[in-house]
Amino acid sequence: MSIKGLQTEIKPQWCPGCTYFADLQAIYKTFLDLGFDETNLVLVGGIGCTGRITSYVDLYTIHTLHGRPLPVALGFKLANPKMNVVVVSGDGDLLSIGGTNFIHTARKNIDLTVIMFDNFVYGLTKGQVSPTSPHNLVTSTTPYGNLDEPVNPISLALISGATFVAQTFALDINHTFQVIKEAINHKGFSFVNILSPCITYYRSEDVKTFRNKIKQLNEQYLTDLAKAVYNSTSYEYYVGVFYKVEKPSFESYLLKDIVPLKSELYQKEKIKKLLKNYS
Ligand SMILES: Cc1ncc(C[n+]2csc(CCOP(=O)(O)OP(=O)(O)O)c2C)c(N)n1
Ligand code: SF4
């Protein structure tokens with residue numbers, strides 16, 4: 001199969017030149033390279049320019065409510081722990097309205113891959129301030145500059161309990177592809193933040209100037225949480241894998257080898273009976 005085979009008939013409706021085109025390309029490359037059985041993979045999206053991705057990938061996808069892609073993904077994983085579940089969501093979706101879901105799903109170390117398109121604003125709704133907007137950023141809701149300090153998504157993922165944490169830059173498609181692949185192959189909660197400045201509403205600098213801020217992380221302390229947190233706070237635009245450890249996942253404790261979707265409880269007749277009881 002080629003990338004064309006993964007594309008739907010819908011042309012991406014993003015602003016011309018949006019960094020998300022590069023993010024989407026990296027995601028196509030990953031799915032192609034991993035060669036998933038399409039019946040064993042679900043792509044879960046949130047709301048926003050990011051959430052539109054579910055319409056552009058010809059696999060099983062679900063466009064969820066704003067801020068709620070993680071509970072939906074968790075439901076898929078607990079119904080069928082053998083299924084690969086990948087979430088794509090924005091900084092507003094994941095860290096604002098969905099912020100507590102992010103913390104509590106990460107601490108369960110449930111085997112999901114969460115990819116965040118970090119564009120530093122709310123894009124779809126026309127450029128409001130977001131949790132990752134830098135201090136002093138002028139946006140439609142902070143006309144005199146953002147008074148808040150931004151959330152550091154890497155530090156938050158680390159202290160919440162994610163067992164694979166990485167950051168990439170949108171325009172380095174090959175690096176993003178390699179890192180997402182490693183994240184999907186990781187057993188446990190993996191988080192990849194793709195620095196993807198919004199070219200329409202993140203007005204403080206253009207993508208080329210932003211690119212000069214990117215620095216390669218020295219990845220030699222991969223299993224040292226304290227060092228990973230230190231790295232994440234010492235420079236916010238490091239790219240690379242900050243942390244990677246093996247730990248049992250939530251579903252391995254809860255379900256052992258059981259696949260509830262295939263177990264007796266979920267058989268048609270039982271579901272029918274349950275529905276009847278509640279209708
Ligand atoms: C419950 C609810 N509140 C508000 C909205 C409006 N809304 C749609 S997208 C969005 C922001 C999305 O921002 P982000 O997750 O950063 O995605 P981006 O558009 O920047 O990719 C908001 C507030 C909504 N759809 N649902
Ligand atoms: S508003 Fe920003 S994130 Fe959304 S499509 Fe346009 S450039 Fe991309």
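Which of the 17 residues around ligand 1 come nearest?

1. The model is predicted. Start with ligand 1. Gly48, Gly90, Gly92, Asp93 and Gly123 come nearest to it, out of 17 residues around this ligand.

2. Look next at what supplies this shell. Helix H4, residues 91–97, gives at least two residues to the shell around ligand 1, and so does strand S5, residues 121–122. H4 gives the most, with three residues. By class, the shell around ligand 1 holds nine polar, six nonpolar and two charged residues.

3. Helix H6 covers residues 153–160. Its buried residues are Pro153, Ile154, Leu156, Ala157 and Leu158. Glycine 161 follows H6 and has a positive phi, near 115°.

4. H6 packs with helix H9, residues 225–234. The angle is about 160°, and the axes are 8 Å apart. Angles over 145 degrees count as roughly antiparallel, so H6 is roughly antiparallel to H9. The crossing of H6 past H9 is left-handed.

5. Which residues of H6 and H9 meet? From H6 come Ile154, Ser155, Leu158 and Ile159. From H9 come Leu225, Ala228, Val229, Ser232 and Thr233. Six residues of the contact of H6 with H9 are nonpolar, three are polar and none is charged.

Technical notes:
Residues numbered from 1 in each chain as written. Chains lettered and ligands numbered in written order. Predicted model: local features only at pLDDT ≥ 70, side-chain atom pairs only at ≥ 80, totals over all residues. Near = placed C-beta within 6 Å. Helix = DSSP H or I, 4+ residues; strand = E, 2+ residues; numbered from the N terminus. Nonpolar A, V, L, I, M, F, W, Y, C, P; charged D, E, K, R; others polar. Buried ≥ 20, exposed ≤ 12 C-beta atoms within 10 Å, placed from the backbone. Axes fitted to C-alpha atoms, helices over the stretch in contact; angles between N-to-C directions. Parallel < 35°, antiparallel > 145°, perpendicular 65-115°, else oblique. Left-handed = near helix turned anticlockwise from the far one by under 90°. Contact = placed C-beta atoms within 7 Å.
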